[in-house]
Amino acid sequence: MDIRGVVDILAKNFPDASADQVEQTVAELAGIIGETATGEDRAIVTVYGRDRPGILASVTAVVSNAGHNILDVSQKILQGYFALIMLIEVGEHGVGAVQDELARLAESESVRAVVQHEQLFNAMHRL
Amino acid sequence: MSIDFREVLDTVQMLEVEHFDIRTVTLGISLRDCASRLPQTVRARVYDKIRRTAAQHVRVADEISAQYGVRIVNKRISITPVSLIHDGGSVSDFVALGEALDAAAADVGVDYIAGYSALVDKGMTPGDRALIDSIPALMAATSRVCASVNCGSTRAGINGDAVSKMARAVRETARRTADKGSIGCAKLVAFCNAVGDNPFVAGAFHGIGEAEVVINVGISGPGVVLRTVRDLGPDADFGELAETIKRTAFKITRAGELVGRRCAEALREATSIPVQFGVVDLSLAPTPEEGDSIGDILIAMGLEDIGAPGTTAALAILTDAVKKGGLMASSYVGGLSGAFIPVSEDQAMIRAVERGHISIEKLEAMTSICSVGLDMIAIPGDTPEESIAGIMLDEFAIGMINNKTTSVRLIPVEGKDVGETVDFGGLLGRAPVMPVSKLRSPFSARGGRIPAPIRSLTN
């Protein structure tokens with residue numbers, strides 16, 4: 001269900017609520033859903049190696065072109081080395097295509113790139 | 001972002017640098033519906049069932065491996081002990097059945113199929129005897145079939161006649177595969193208290209209490225444990241050591257269970273076969289690669305080398321902490337679940353043997369508190385059968401009295417003696433030939449059954 005459907009249901013069931021209240025409720029529900037998502041369709045992209053200008057842009061382009069939605073990005077640089085972590089929503093073609101593309105990028109840029117289903121991290125680090 | 005930056009890097013480091021992987025995803029297949037009085041019918045049914053059931057096993061495991069970014073090193077098959085489905089078979093019938101297993105394994109793309117086995121802890125049927133007698137010929141004729149025989153148990157005692165037959169089978173297998181460093185013995189293991197959900201070859205088989213088709217997973221992460229122990233430094237006390245290892249075991253067990261469950265689900269969807277997830281085997285399993293060693297963990301805990309005073313205690317801390325962390329992580333833990341100390345597959349163990357720091361006798365003591373037993377140990381090719389049988393009896397006595405699994409996988413390397421080395425290559429590694437006591441042991445040839453032990457007064 002898209003977000004408009006949720007708004008319509010809330011407006012119908014709570015006719016006295018103001019538009020602001022409906023919007024606030026939707027935002028809160030979206031937050032809860034986001035927190036409790038099982039990670040069925042999300043993956044973590046990790047790229048690390050010697051830093052150079054433009055590496056974030058290159059990785060982002062590969063992921064986007066493969067049809068995945070980038071949900072969050074985090075990057076750290078230490079003494080000339082970088083580690084880039086990206087949370088993505090996996091597109092309809094799965095992670096296979098982006099793995100191949102990232103492997104090519106990693107080889108040409110002399111970095112390491114790994115794509116892993118989010119469930120792995122939840123299993124290893126969450127009770 | 002619900003994922004912590006540090007956690008992600010920690011996971012990637014485990015997988016990329018410290019050799020953490022899923023050592024094996026093993027498909028257990030019941031062959032109980034393949035039994036027949038006619039040898040050719042058994043062969044045809046077994047061959048067809050394995051091909052039908054395992055056709056997608058490797059492909060599915062590879063897909064799950066790619067999806068989670070976790071390497072699955074081996075995809076293997078375990079089967080119902082074949083003596084149970086072919087008890088009327090002759091020696092030649094069993095060899096032909098073993099060759100059919102080898103062909104089926106090749107067809108579905110697995111490197112090993114295990115369960116050419118007999119369960120004879122209390123006594124042997126004619127079929128059991130024929131199977132054991134067929135082992136040397138089969139080990140020489142095939143490359144993928146692994147054989148195991150359960151010779152004892154805490155409940156029944158130790159079958160001395162079966163031990164003598166297995167000692168003979170080991171000697172004969174070594175002779176028949178002499179041109180390849182007696183490698184046939186690497187596919188042959190004798191047990192006490194064998195378990196039916198062990199995913200690791202050569203000792204795997206699909207137990208008689210198991211479901212039709214089951215996925216069992218063997219995890220591995222000596223490199224990960226090594227890093228955490230090294231990070232602790234020399235000032236941490238025993239409790240801190242145990243706690244740190246426990247935390248690491250928790251993580252790798254959770255990854256193993258996730259991968260095992262997903263493999264079972266995906267195989268079920270791909271084949272419509274009711275594949276169940278069975279257990280995670282917690283065993284820390286080394287490989288010959290540097291940094292993937294159990295021995296190095298013991299050294300990092302503060303031993304000059306394996307064999308130094310304190311070695312058994314260090315191994316006890318390691319094994320117990322791995323079990324506790326793993327049990328917290330998964331309700332379905334099984335198999336052997338401990339720490340493997342195979343000599344040929346562990347660089348630190350190999351070095352310790354070459355320096356003369358460790359003996360078979362010390363290894364025997366270590367096996368009383370870790371999983372498995374005397375594993376992948378090369379001994380002189382002229383070691384008498386009665387000595388091999390005596391070593392087996394000693395090892396099985398430890399298992400029987402302590403209610404644990406113990407095993408013996410010795411390789412009496414034909415034509416080689418102490419000081420020489422045999423190189424098997426790959427995961428089997430290389431083994432310096434270790435000395436065996438020259439003292440005679442007519443005791444081991446007495447035969448009969450060692451009575452089951454008392455379960456009270458356990459000092």
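In the predicted model, strand E8 (residues 275-281) of chain B runs parallel to strand E9 (residues 333-334) of chain B, and two bridges join them. The bridge partner of Asp281(B) in E9(B) is Gly334(B). Strand E7 (residues 213-220) of chain B also pairs with E8(B). Here, too, the strands run parallel, and the bridges number five. Asp281(B) takes part in this pairing as well: Gly218(B) stands opposite Asp281(B). E8(B) is mostly covered, with five of its seven residues buried.

Helix H3 of chain B comprises residues 57-68. At 1.5 Å a residue, its 12 residues should span 16 Å. The C-alpha atoms at its ends are 17 Å apart, which agrees with that expectation. Buried positions in H3(B) are His57(B), Val60(B), Ala61(B), Ile64(B), Ser65(B), Gln67(B) and Tyr68(B). These residues lie on the same side of H3(B), because they cover an arc of only 165° around the axis. In an α-helix, residues three or four places apart point the same way, because there are 3.6 residues a turn. Just after H3(B) comes Gly69(B), with a positive phi of about 65°.

Ser143(B) sits in a loop of chain B, between helix H6 (126-141) and strand E4 (145-153). Ser143(B) has 15 C-beta neighbours inside 10 Å and therefore counts as partly exposed; a buried residue would need 20 or more. Glu99(B) is 44 residues away from Ser143(B) in sequence. In space, the C-alpha atoms of Ser143(B) and Glu99(B) are 9.5 Å apart.

How values were computed
Residues numbered from 1 in each chain as written. Chains lettered and ligands numbered in written order. Predicted model: local features only at pLDDT ≥ 70, side-chain atom pairs only at ≥ 80, totals over all residues. Helix = DSSP H or I, 4+ residues; strand = E, 2+ residues; numbered from the N terminus. Buried ≥ 20, exposed ≤ 12 C-beta atoms within 10 Å, placed from the backbone. Expected span 1.5 Å × (residues − 1). Arc of directions from axis to C-beta. Pairing = 2+ DSSP bridges.
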